[in-house]
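Please open the structure in a viewer and keep the selection tool at hand.

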Amino acid sequence: MLCDDVLGRSLFSRKQREAESAPGWKLFGKVPLRESPPKNSKTIQQEGNPGNLTSVSTPNLLSSGEYETKVSKSGQSPSLPAQGRRKNLEFEPLSTTALILEDRPANLPAKSEEEAQRHRQEYDEMVAEAKKRELKEAQKKKKQMKERFKQEESIANAMVVWNNEILPNWESMRGTRRVRDLWWQGLPPNVRGKVWSLAIGNELNITSDLYEIFLSRAKERWKSFRETGSEMESDADSADRESSLDLIKLDISRTFPPLFIFQKGGPYHDLLHSLLGAYTCYRPDVGYVQGMSFIAAVLILNLEEADAFIAFANLLNKPCQMVFFRVDHELMLKYFAAFEVFFEENLPRLFNHFKSSNLTPDLYLIDWIFTLYTKSLPLDVACRVWDVFCRDGEEFLFRTGLGILRLYEEVLLQMDFIHIAQFLTRLPEDMLSERLFSCIANTQMISGNRKWIQVFNALLKDKEMEKSSSPTVKNS
């Protein structure tokens, strides 16, 4: 704490150049400079706390009245053990208490009553302020612990409901108001993977055996790569795909680096490598695209290997994800245009600020959508976003983006183009999921009585009309 730092700091240390150019000084009187023998690191460390001053923690600080009572009872001035004293000091302060409350040495004028009273008052104020800070900190910790226990109890209760009531009756209960409300509050970690898997579905009818087949093919490619130094590609279009072993290895090394579980030597490195390699063999038309490793990693943390692959392949097969991972520029622009419709509807001030700064949605949405927020948001917050994304589909991805902009609206309004782009690429680590979801809840995905899907479909129709009218324009 600040008080401990101040009280424990070296009070009498001086710069070396001053010691070389000026006579030495005791605490309260001028004395000749003494020759100091060379010091080793141990000596320097011991003298880093001059006189071995006692660092006083705030719980043990005495008020001026308590200090004076203690001194009067002892009948003598407090002193340090002999071995802890600096020999060139006639006056040895016990602590900051002594520096403030002790009378001056005999060779200096005594304190006036007014000065002594002021010192006592200053010291009492310092102690009171320190204790006030400690009390505030203790209350904050107590509140945090209370909230944590409440959250843990809520998760435990929700887990019982999901396991005993919802999951056994999934098809009949998944769309009920009660389940949707529980879903919004966040899935318990123990059932998260199961619910994700059920919500994503398996339209591709992938089995564990099919995963093993494509994994074997991937291993053969890797073996060939190690032996020949290049991948044996049979498809002519493969040259344009980001499916090389080098790119997968590079992306894995950059996947959640603080966790150090997916990097080489980590417990999930080989598993992530296998899943991504199997996918490039399963979908050679898509191949590997940067950002896939983050999505696969989150699934691996919540599902078994084969189940994670099945969920991964089906998730990337959703319309929005396929547009982005196949880099369909025209459709991507339609998604950005739909996003801007709701951006202007919900946050007009920030929308105009972005427009005036020439900041387009692609500069931040691409990264958010490609990684489903797992790279930009804290992992626990990203998992909560995934919970509702699995429930509501692609609309919630863009609603989350608007929620983030709403959460940091006032901050972003003060920034220029470069700082906005940097801020949105890596959002604050201390973001709280409750605050974000409160902002998401206040974001309405309605524009002119049209929902997200209606707005997006209208933009698609405009695109089709443009295409159909273009030959007529050429003929004219």
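This is a predicted model: local features need pLDDT of at least 70, side-chain atom pairs count only at pLDDT 80 or more; totals for chains, interfaces and linings use all residues.

**From a loop to the core**

Begin with Phe 260, which is located in the loop that runs between helix 11 (245-253) and helix 12 (269-282). Phe 260 is not a glycine, yet its phi is positive, at about 50°.

Remain in this loop and select Tyr 268, which also lies between helix 11 and helix 12. Its relative accessibility is 31%, so Tyr 268 counts as partly exposed.

**Helix 13**

Next, select residues 292-302, which make up helix 13. How many of its eleven residues are buried? Nine are, and the helix is accordingly described as mostly covered. The buried residues run through Met 292, Ser 293, Phe 294, Ile 295, Ala 296, Ala 297, Val 298, Leu 299 and Ile 300.

**The largest nonpolar core**

Now display Trp 162 and Leu 405. The largest nonpolar core has 115 residues, and these two touch the most other members. Helix 14 (residues 305-316) gives the most to this core, contributing nine residues.

Centre the view on Trp 162 and show its surroundings. Neighbours within four places in sequence aside, Trp 162 is in contact with Leu 167, Pro 168, Trp 170, Val 179, Leu 182, Trp 183, Leu 187, Pro 188, Val 191 and Val 195.

**A buried glutamine**

Move to helix 15 (residues 319-325) and select Gln 321. Is Gln 321 buried or exposed? Its relative accessibility is 2%, so Gln 321 counts as buried. When neighbours within four places in sequence are set aside, the contacts of Gln 321 are Leu 315, Leu 316, Ile 369, Leu 372, Phe 389 and Leu 397.

**Aromatic pairs**

The structure holds 33 aromatic pairs. For one of them, select Tyr 211 and Phe 309, whose rings form a tilted pair with 4.8 Å from centre to centre and 40° between the planes. This pair links distant parts of the chain, since Tyr 211 belongs to helix 10 (residues 208-228) and Phe 309 to helix 14, 98 residues apart. Tyr 211 and Phe 309 are both buried.

Then select Phe 343 and Phe 351. Their pairing is edge-to-face, with 85° between the planes and 5.5 Å from centre to centre. Phe 343 and Phe 351 are buried as well.

**Salt bridges**

Side chains of opposite charge can pair when their charged atoms come close. The structure holds 16 salt bridges, and the following selections show several of them.

Select Arg 120 and Glu 113, whose side chains meet in a salt bridge at 3.5 Å, N to O.

Proceed to Glu 152 and Arg 148, which form a salt bridge of 3.3 Å, N to O. Both lie in helix 6 (residues 113-166) and are four residues apart, so about one helical turn separates them. An α-helix has 3.6 residues a turn, so residues three or four places apart point the same way. Glu 152 is partly exposed at 40% relative accessibility, and Arg 148 is likewise partly exposed at 48%.

Now select Glu 410 and Arg 349. The closest N and O atoms of this salt bridge are 2.8 Å apart. Glu 410 lies in helix 21 (residues 409-412) and Arg 349 in helix 17 (residues 348-356), so the pair ties together parts that are 61 residues apart in sequence. Glu 410 is partly exposed, with a relative accessible area of 48%, and Arg 349 is partly exposed at 49% relative accessibility.

A further selection comprises Arg 180, Arg 391 and Asp 392, which are joined into one network by salt bridges that share partners.

**Last stop: a loop between strands**

Finish at Asn 449, in the loop between strand 1 (446-447) and strand 2 (450-451). Asn 449 has a positive phi, near 65°, in a residue other than glycine. With 74% relative accessibility, Asn 449 counts as exposed.

Methods
Residues are numbered from 1 along each chain as its sequence is written. Side-chain values use heavy atoms; hydrogens and water are left out. A salt bridge is a side-chain nitrogen of Lys or Arg within 4 Å of a carboxyl oxygen of Asp or Glu. Helices (H or I, at least four residues) and strands (E, at least two) are DSSP runs, numbered from the N terminus. Buried means under 20% relative accessible area, exposed over 50%, partly exposed in between (1.4 Å probe, protein chains only). A nonpolar core is a set of buried Ala, Val, Leu, Ile, Met, Phe, Trp, Tyr and Cys residues joined through side-chain atoms within 4.5 Å. Contact means heavy atoms within 4.5 Å. Rings of Phe, Tyr and Trp (its six-membered ring) pair if their centres lie within 6.5 Å; planes under 30 degrees apart count as stacked, over 60 as edge-to-face and the rest as tilted.
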